[in-house]
Amino acid sequence: MHYGNPRNLIAPGTAANMGDGWETARRMDRPSILEQGKDGFLNLPGCEWSVIQLGHPGTVQKIEIDTNHFKGNFPESCKVEGFLMRKKSQNDINTKDWSSCSWKTILPRTKLSPDKLHQFTELEGCGAISDVRLIIYPDGGVSRLRCWGVPGPMSEYSKL
């Protein structure tokens with residue numbers, strides 16, 4: 001976080017200004033000359049990410065990523081992944097190390113535009129999830145993240 005807390009991503013309504021969203025600091029390892037790869041994305045080291053627990057575990061059918069107010073400092077692209085936290089057991093993962101989770105891609109790396117509400121309905125089927133990870137490349141700001149879907153039965157999942 002730099003100018004806004006990642007919790008701002010799930011705040012109600014539309015962001016009032018850039019400070020009402022989540023903005024990361026400019027990455028220090030960003031090259032002075034940016035080059036585009038054959039896949040159409042910038043060749044950049046690193047990324048920034050935020051993990052959000054869904055209000056209810058289930059299957060995501062629509063994702064909204066809003067870059068409202070971010071005109072010169074929006075991320076070049078993003079990716080959204082999901083993870084299902086099962087009932088608590090002896091084999092629980094350590095959520096302090098999110099990299100140990102079995103993340104599944106919901107939205108593959110996708111270009112973003114400035115000051116725009118991006119809506120995605122063609123998502124990769126990854127099944128039921130309890131948490132999402134928004135990954136932005138290389139850095140920048142996002143006003144809101146919304147995940148719409150169908151809830152699954154709570155009995156199968158842990159309450160964190």
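Modeller: The pLDDT is the predictor's confidence in each residue, on a scale from 0 to 100. This is a predicted model; the protein chain has a mean pLDDT of 88, and 88% of its residues reach 70 or more.

Colleague: Which elements have the lowest and the highest mean pLDDT?

Modeller: Among the elements of the chain, the lowest mean, 94, belongs to strand 1 (residues 22-23), and the highest, 98, to strand 5 (residues 117-120). Where pLDDT is low, the predicted coordinates should not be read in detail.

Colleague: Which residues touch the most other members of the largest nonpolar core?

Modeller: That core has 21 residues, and Ile63, Ile65, Ile106 and Leu134 touch the most other members. At least two residues each come from strand 2 (48-66), strand 3 (77-83), strand 4 (104-111) and strand 6 (129-137). Strand 2 gives the largest share, five residues. A second, separate core of five residues includes Phe83, Met85, Trp98 and Trp103.

Colleague: With what is isoleucine 65 in contact, beyond its neighbours within four places in sequence?

Modeller: Its partners include Cys78, Val80, Leu107, Phe120, Leu134 and Val142, and also the residues Lys116, His118 and Arg144.

Colleague: Why does serine 143 count as buried?

Modeller: Buried means under 20% relative accessible area. Serine 143 counts as buried because its relative accessibility is 0%. This serine 143 is found in the loop between strand 7 (141-142) and strand 8 (144-151).

Colleague: What lies 2.4 Å from a polar atom of the serine 143 side chain?

Modeller: The backbone oxygen of asparagine 68 does. Beyond its neighbours within four places in sequence, serine 143 is in contact with residues including Asn68, Asp66, Thr67 and Phe70, as well as Asn8 and Asp20.

Definitions and conventions. Residues are numbered from 1 along each chain as its sequence is written. This is a predicted model: local features need pLDDT of at least 70, side-chain atom pairs count only at pLDDT 80 or more; totals for chains, interfaces and linings use all residues. Side-chain values use heavy atoms; hydrogens and water are left out. A nonpolar core is a set of buried Ala, Val, Leu, Ile, Met, Phe, Trp, Tyr and Cys residues joined through side-chain atoms within 4.5 Å. Buried means under 20% relative accessible area, exposed over 50%, partly exposed in between (1.4 Å probe, protein chains only). Helices (H or I, at least four residues) and strands (E, at least two) are DSSP runs, numbered from the N terminus. Contact means heavy atoms within 4.5 Å. A polar contact is a pair of N or O atoms within 3.5 Å; within protein, one must be able to donate a hydrogen and the other to accept it, and residues adjacent in sequence count only if both atoms are side-chain atoms.
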